[in-house]
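Hi there,

Here is the structure I promised to pass on to you. Please have a look at it first, and then read my notes below.

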Amino acid sequence: MKPARLPMRVLIVALLACIAWTSPSCGLYESWKERKDAKKASQRLLRFRAQPSDISAGARFNPSVVVELVNGNGQVVADGALVVRLEPFAAPAGGRLFGTQFQPLKNGAATFEDLTIDKPGAGYVFAASARNAASVVSAPFKVTEGRPVRLKFLQQPELEQLGKPFNRA
């Protein structure tokens, strides 16, 4: 059985269509590219402007964690109605996140100023999410042992007279 041969006229038309499609002077390519660029620009993505840094347990992040909304071209999008949620994505030591975990966008960015984590550990990761936007996860960070925040007596002192040493019984 012989393979089917296409008439020369069909091959020439197909070749000319291919040339016209990719030719800068042809409107087909530009129209397709404009639609593709418009679709990309309409995408809404979250990204960390300021990643979480290593902290001590109980301390606030400094600088604050900042999440921004961008379009597919990487340009910041100001959407005052959008609220960003920040939550632990990975908490290897079982640490809990404290502070305001929902922040509205202001000029395209949500700033989380009062976040703390209570337990030390390495490999913590945050996830940021918002309605109608692609979520994002942060770079890993670690939480080190914090400084003591309170003093606890193991044995209560007895009543003693002022100016005299404690009885060490």
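Leaving aside its neighbours within four places in sequence, Leu-46 touches Val-67, Glu-68, Leu-69, Val-84, Ala-128, Ser-129, Ala-130, Ala-133, Ala-134 and Val-136. Please keep in mind that this is a predicted model.

Leu-46 also belongs to the largest nonpolar core, a set of 25 residues in which Leu-46, Val-84, Leu-86 and Phe-126 have the most contacts. At least two residues of this core come from each of strand 1 (44-50), strand 3 (65-71), strand 4 (83-90), strand 7 (109-112), strand 9 (121-130), strand 10 (133-137) and strand 11 (141-144). As background, nonpolar side chains in soluble globular proteins tend to be buried together.

Next, the charged pairs. How many salt bridges does a search of the whole structure find? The search gives four. In general, side chains of opposite charge can pair when their charged atoms come close.

One of the bridges joins Arg-47 to Glu-68, with 2.6 Å between the closest N and O atoms. Arg-47 sits in strand 1 and Glu-68 in strand 3, so this pair ties together parts that lie 21 residues apart in sequence. Are the two partners buried or exposed? Glu-68 is buried, at a relative accessible area of 5%, while Arg-47 is partly exposed, at 33%. Arg-49 comes in here as well: Arg-47, Arg-49 and Glu-68 are linked in a network of salt bridges.

Another salt bridge pairs Arg-85 with Glu-87, where the closest N and O atoms are 3.3 Å apart. Arg-85 is partly exposed, with a relative accessible area of 34%, and Glu-87 also counts as partly exposed, at 25%.

Then there is Arg-96, which forms a salt bridge with Asp-118; here the closest N and O atoms are 3.3 Å apart. Arg-96 lies in the loop between strand 4 and strand 5 (97-98), and Asp-118 in the loop between strand 8 (116-117) and strand 9, so the bridge ties together parts 22 residues apart in sequence. Arg-96 is exposed, with a relative accessible area of 52%, whereas Asp-118 is partly exposed, at 26%.

Finally, some notes on the backbone. Most residues other than glycine have a negative phi, and most peptide bonds are trans. Which residues does a cis peptide bond join? They are Asn-62 and Pro-63, with omega at about 10°. Pro-63 is located in the loop between strand 2 (55-56) and strand 3.

Asn-107 is not a glycine, yet it has a positive phi of about 55°. You will find Asn-107 in the loop between strand 6 (102-104) and strand 7, and it counts as exposed at 72% relative accessibility. Asn-132 also has a positive phi, near 60°, in a residue other than glycine. Asn-132 belongs to the loop between strand 9 and strand 10 and is exposed, with a relative accessible area of 57%.

I would be glad to hear what you think once you have had a look.

Best wishes

How values were computed: Residues numbered from 1 in each chain as written. Predicted model: local features only at pLDDT ≥ 70, side-chain atom pairs only at ≥ 80, totals over all residues. Heavy atoms only, no water. Core = buried A, V, L, I, M, F, W, Y, C linked by side-chain atoms within 4.5 Å. Buried < 20%, exposed > 50% of the residue type's maximum accessible area, 1.4 Å probe, protein only. Helix = DSSP H or I, 4+ residues; strand = E, 2+ residues; numbered from the N terminus. Contact = heavy atoms within 4.5 Å. Salt bridge = Lys/Arg side-chain N within 4 Å of Asp/Glu carboxyl O.
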